[in-house]
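Subject: Structure handover

Hi,

Here is the structure for you to look over. My notes follow below it.

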Amino acid sequence: MFLKKTNLFCGGLSLLMMVTMAGQAAAETATLTTAPNVPPPITRKGPATVKVNFEAKEYVGELDEGKKYHFWSFGGTVPGPMFRVRVGDTVEFHLKNPKSSSQPHNIDIHAVNGPGGGAAVNTVAPGETKIFKWKAQAAGLFIYHCAAGSIVDHISNGMYGLVLVEPEGGLAKVDKEYYVFESEFFTDEDEKVMSFDIQKGLAEHPDYVVFNGRSGALMGDNVLKAKVGDTVRIYFGNIGPNGISSFHIIGEIFDKVYTEGALNGTVNRGVQTTLVPSAGATIVEFKVEVPGAYTLVDHSIFRVAKGAIGQLVVEGKENPKIFKAGK
Ligand SMILES: [Cu+2]
């Protein structure tokens with residue numbers, strides 16, 4: 001078969017597509033994005049084989065201002081990368097664990113039909129790479145996480161993220177898409193570089209409940225942005241490991257909620273707060289009509305003090321028909 005190579009660039013990451021002369025995709029490598037960025041929509045009309053390259057990475061990073069933590073991750077960020085496939089695609093998933101790792105790691109992808117969501121066949125010792133293949137059969141937004149060892153420490157240390165399986169024909173076009181992920185951290189808080197405290201995990205007492213891996217990840221210079229009139233779609237995941245999230249945006253109403261992340265045609269409209277279970281996800285959409293700052297929270301409100309807060313800043317003309325001070 002005669003193949004032509006094209007390079008597409010998005011968010012600084014390349015998508016290498018092998019395209020046949022007929023223009024039909026035969027095989028491609030998935031674009032991976034770091035939260036809050038979302039990979040671009042899939043434009044091809046039929047299924048393809050999609051190669052996904054993941055690497056486990058253990059590192060020390062900031063969990064809060066001046067507070068460091070021993071993270072375990074996919075790709076060196078918490079949450080790990082987001083990738084996007086389509087119903088009917090065959091995914092060739094590569095998981096590498098570098099020699100420098102202290103632990104074997106694996107991945108359980110909730111979009112997989114098969115033992116362990118893949119984890120039964122992909123545990124990689126330090127220095128190993130394993131490949132497994134799966135067919136994306138259900139459209140929706142799915143969690144992935146490491147399930148190696150006792151599981152709890154791998155999940156509590158940051159090994160999770162989201163994959164979107166688009167329905168045939170994709171999702172409706174929107175103006176802005178963001179990737180937001182909630183997780184708890186249980187720490188030995190007095191250590192210089194903090195680690196997982198299993199007793200706090202067992203007691204279900206997190207020290208931190210954060211969006212996108214650290215306190216303030218969606219605040220200050222890192223707020224989400226939109227313009228008046230935009231329709232915003234947020235892909236929201238919650239790992240827990242224990243807590244169920246009451247996801248809410250102060251000052252907005254979700255026009256659409258794809259409940260529990262399923263893209264099966266069921267849509268709730270006009271929702272204030274949506275429940276997202278541990279190791280679950282949701283997709284919300286809303287049109288922003290009034291400029292200002294809108295605050296994302298887990299409305300289990302004491303968690304805001306532990307970090308579960310972020311902002312969407314909307315710029316544009318005032319809209320007094322919808323909102324104004326005074327008469
Ligand atoms: Cu792991």
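First, a term: a salt bridge here is a side-chain nitrogen of Lys or Arg within 4 Å of a carboxyl oxygen of Asp or Glu. The model is predicted, so local features need pLDDT of at least 70 and side-chain atom pairs count only at pLDDT 80 or more, while totals for chains, interfaces and linings use all residues. Residues are numbered from 1 along each chain as its sequence is written, and side-chain values use heavy atoms, with hydrogens and water left out.

The domains

The chain is assigned domain 1 (3–166) and domain 2 (176–315); the bounds come from an automatic or database domain assignment. Their C-alpha centres lie 21 Å apart. In contact (heavy atoms within 4.5 Å) are 38 residues of domain 1 and 37 residues of domain 2.

The interface

The two domains bury about 2900 Å² between them, 70% of it on carbon and sulfur atoms. That is accessible area (1.4 Å probe) lost on being put together, summed over both parts. In domain 1, P36, L63 and L141 lose the most area to domain 2, together 21% of what that side buries.

The rule finds 1 salt bridge across this interface. Separately listed is a salt bridge between the side chains of E177 and R84 (2.9 Å, N to O).

The sheet

Strands are DSSP runs (E, at least two residues), numbered from the N terminus; two strands pair if DSSP finds at least two bridges between them. Strand 17 (residues 245–250) pairs with strand 21 (residues 292–298) in the antiparallel sense, over 4 bridges. I249 stands opposite L296 in strand 21.

Best wishes
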